[in-house]
Amino acid sequence: MSKNTDSNQFRKVDVDEYDENKFVDDEDNGESQVGNLMEALQAVLKNPPINTKNQNVKDRAEALVLKVLSAFKSSDIEKAVQSLDKNGVDLLMKYIYKGFEKPSENSSATLLLWHEKALSAGGVGSIVRVLTARKTV
Amino acid sequence: MAYHSFLLEPISCHSWNKDRTQIALCPNNHDVHIYKKDGTKWIKIHELKEHNGQVTGIDWAPESNRIVTCGTDRNAYVWSLKGEVWKPTLVILRINRAARCVSWSPKENKFAVGSGSRLISICYFEQENDWWVCKHIKKPIRSTVLSLDWHPNNVLLAAGSCDFKCRVFSAYIKEVEEKPGPTVWGSKMPFGEVLFESGPSGVSGGAGDGAGGGWVHGVCFSHSGNRLAWTSHDSTVAIAEGGKTSTISSLSSETLPLLCVSFITENSLVAAGHDCYPVLFVYDGTKGSVTFGGKLDVPKQTSQRGISARERFQNLDRRATSSETTEQGLESLHKNSISQISVLEGGKSKCSTFCTTGMDGGMEWSHGTSRYTHTHTTHTV
């Protein structure tokens with residue numbers, strides 16, 4: 001018998017942790033540096049957990065995005081929004097509205113700033129797409 | 001550019017006669033009113049009262065001069081002009097929900113009705129029994145059919161529906177026509193066959209996440225029938241070209257959803273919707289891209305008056321911005337959503353005039369040759 005059938009360690013592994021959609025780059029270290037904030041934004045908007053049904057995954061992704069958005073200075077927000085393409089702006093809108101759903105002390109203010117800039121970039125159409133999207137972020 | 005306000009109620013639907021001197025419209029009630037153009041005024045000449053529910057679709061066949069109307073009372077009537085009076089003939093559609101849209105086929109020997117019963121009724125006249133018979137296309141439609149458009153070959157029918165898809169069906173009725181030749185959409189066309197089905201708009205090419213899609217509000221075939229455009233509730237407009245590489249190019253627009261669309265040349269479309277003004281889109285076949293061509297509405301020049309300091313602070317209080325214009329009214333000619341566009345002159349290949357009606361009870365028709373040629377010089381057509 002070449003398999004070790006005694007150990008049950010494998011049962012403690014949460015397979016969903018290793019789901020591809022959840023993979024976010026390790027940008028937590030670089031966040032404090034301003035230059036990396038733009039890349040952090042790009043990284044965190046890549047691979048959004050749209051297709052998974054696991055609510056945990058979505059919550060964690062959202063918390064991460066919120067962290068990145070709050071780390072931006074107000075003057076940098078506009079540049080960051082310009083650097084996104086159309087789909088990026090739509091995705092950003094989705095996260096902004098998701099963030100509105102659970103307000104904390106500071107989040108609403110920063111989100112409103114982001115909302116204003118994203119609106120001028122994406123127009124009302126991007127909000128309509130948030131409302132009609134069937135797979136939420 | 002002219003705007004005529006008929007009434008205060010929304011115009012549910014409208015249709016023009018062949019020489020564009022008369023318009024049949026439904027003023028959001030159970031009747032159809034026919035107005036005749038008299039100089040610059042419009043005079044009501046007929047009232048067609050037969051429906052028991054709101055009339056949701058009207059189509060006036062140019063050659064045979066018959067009007068077909070459908071309504072929320074689940075019926076359709078075909079009206080023929082006998083002398084000075086329009087006489088209705090009931091068509092039994094066998095649907096159990098409201099009819100939503102109706103369209104004569106190009107040869108006017110059949111018409112299609114889209115309904116909330118998740119099916120399309122194709123109706124044709126049976127000579128032996130002297131009445132209209134209908135056949136249903138049911139699969140794979142899963143929700144209300146909102147819009148229909150016939151292909152020039154009289155057999156293919158595009159349908160946009162609330163299940164987020166735009167499809168091309170074959171509506172071949174062997175009793176009234178011969179077998180059609182092959183087209184870019186396919187060659188085998190038995191009745192009810194789906195020759196094309198779109199994914200949620202933006203799933204191929206275009207938008208990245210592909211999650212989304214909205215009710216397909218308006219569909220339109222181009223003049224040749226090789227291209228199909230549709231607008232969807234997620235503020236996108238998409239064009240598909242029939243053929244082996246059925247590619248879909250779509251544009252996520254920055255405006256509110258568009259409700260109706262029509263080709264005006266082989267490469268450009270005009271669409272209008274909840275934003276109350278018509279817009280032009282240009283399609284580039286070689287690159288497979290749809291681009292925004294501009295607003296086709298000349299807003300009234302609002303008088304620019306200076307703003308006093310008091311008003312500035314009041315604005316700041318109320319709206320958090322001290323902007324100069326009090327944009328309380330819309331700048332467009334229409335004051336409410338536009339629900340239907342119809343091409344008046346030039347057909348879908350070289351349209352020079354089109355007409356829009358909407359929820360504000362008004363109708364606007366636009367002459368756009370100079371503007372279209374202007375945009376044509378900047379985009380290769």
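**Exercise 1. Salt bridges around B:K49**

Task: In this predicted model, is B:E47 buried, partly exposed or exposed, and which salt bridges involve B:K49?

Solution: 
- Step 1. Begin with the accessible area of B:E47, which is 39% in relative terms. Buried would need a value under 20% and exposed one over 50%, so B:E47 counts as partly exposed.
- Step 2. Now look for a partner of B:E47. A salt bridge links B:E47 to B:K49, with 2.9 Å between the closest N and O atoms.
- Step 3. Turn to B:K49 and B:D31. Their side chains also form a salt bridge, at 3.0 Å from N to O. Because B:K49 sits in strand β5 (residues 41-49) of chain B and B:D31 in strand β4 (residues 31-38) of chain B, this pair ties together parts that are 18 residues apart in sequence.

**Exercise 2. A strand and its neighbours**

Task: How many residues of strand β11 of chain B are buried, and with which strands does β11(B) pair?

Solution: 
- Step 1. Find β11(B), which covers residues 110-115; six of its six residues are buried.
- Step 2. Sort the residues by direction. In a regular strand, side chains alternate between the two faces of the sheet. Here B:K110, B:A112 and B:G114 point one way, while B:F111, B:V113 and B:S115 point the other way.
- Step 3. Look at one partner. Strand β10 (residues 99-104) of chain B pairs with β11(B) in the antiparallel sense over five bridges, and B:C101 has B:G114 as its bridge partner. Five residues lie between the strands of this hairpin, where B:E108 has a positive phi near 60 degrees.
- Step 4. Look at another partner. Strand β12 (residues 120-126) of chain B runs antiparallel to β11(B) and is joined to it by five bridges; B:A112 stands opposite B:I122. This hairpin has four residues between its strands, and B:R118 in the turn has a positive phi of about 65 degrees.

**Exercise 3. The surroundings of B:S161**

Task: Is B:S161 buried or exposed, and what lies 3.3 Å from a polar atom of its side chain?

Solution: 
- Step 1. Place B:S161 in the chain: B:S161 is part of strand β15 (residues 156-161) of chain B.
- Step 2. Read its relative accessible area, which is 1%, so B:S161 is buried.
- Step 3. Find the polar partner. The backbone oxygen of B:T144 lies 3.3 Å from a polar atom of the B:S161 side chain.
- Step 4. Look around. Beyond neighbours within four places in sequence, B:S161 has contacts including B:I141, B:W215 and B:R167.
- Step 5. B:R167 forms a salt bridge with B:D163, at 3.0 Å between the closest N and O atoms, and both residues are buried.

**Exercise 4. Where the chains meet**

Task: How many residues of chain B touch chain A, and how many salt bridges cross the interface?

Solution: 
- Step 1. Count the contacts: 18 residues of chain B meet 15 residues of chain A.
- Step 2. Find the area. About 1,200 Å² is buried between the chains, and carbon and sulfur atoms give 56% of this.
- Step 3. Sort the residues on the chain B side: five are nonpolar, ten polar and three charged.
- Step 4. Check the pairs. There are zero salt bridges between chain B and chain A, but four residue pairs are in polar contact.

How values were computed: Residues are numbered from 1 along each chain as its sequence is written. Chains are lettered from A and ligands numbered from 1 in the order in which they are written. This is a predicted model: local features need pLDDT of at least 70, side-chain atom pairs count only at pLDDT 80 or more; totals for chains, interfaces and linings use all residues. Side-chain values use heavy atoms; hydrogens and water are left out. Buried means under 20% relative accessible area, exposed over 50%, partly exposed in between (1.4 Å probe, protein chains only). Helices (H or I, at least four residues) and strands (E, at least two) are DSSP runs, numbered from the N terminus. Two strands pair if DSSP finds at least two bridges between them. Contact means heavy atoms within 4.5 Å. Buried area is the accessible area (1.4 Å probe) that two parts lose on being put together, summed over both. A salt bridge is a side-chain nitrogen of Lys or Arg within 4 Å of a carboxyl oxygen of Asp or Glu. A polar contact is a pair of N or O atoms within 3.5 Å; within protein, one must be able to donate a hydrogen and the other to accept it, and residues adjacent in sequence count only if both atoms are side-chain atoms. Ala, Val, Leu, Ile, Met, Phe, Trp, Tyr, Cys and Pro count as nonpolar, Asp, Glu, Lys and Arg as charged, and the others, Gly among them, as polar.
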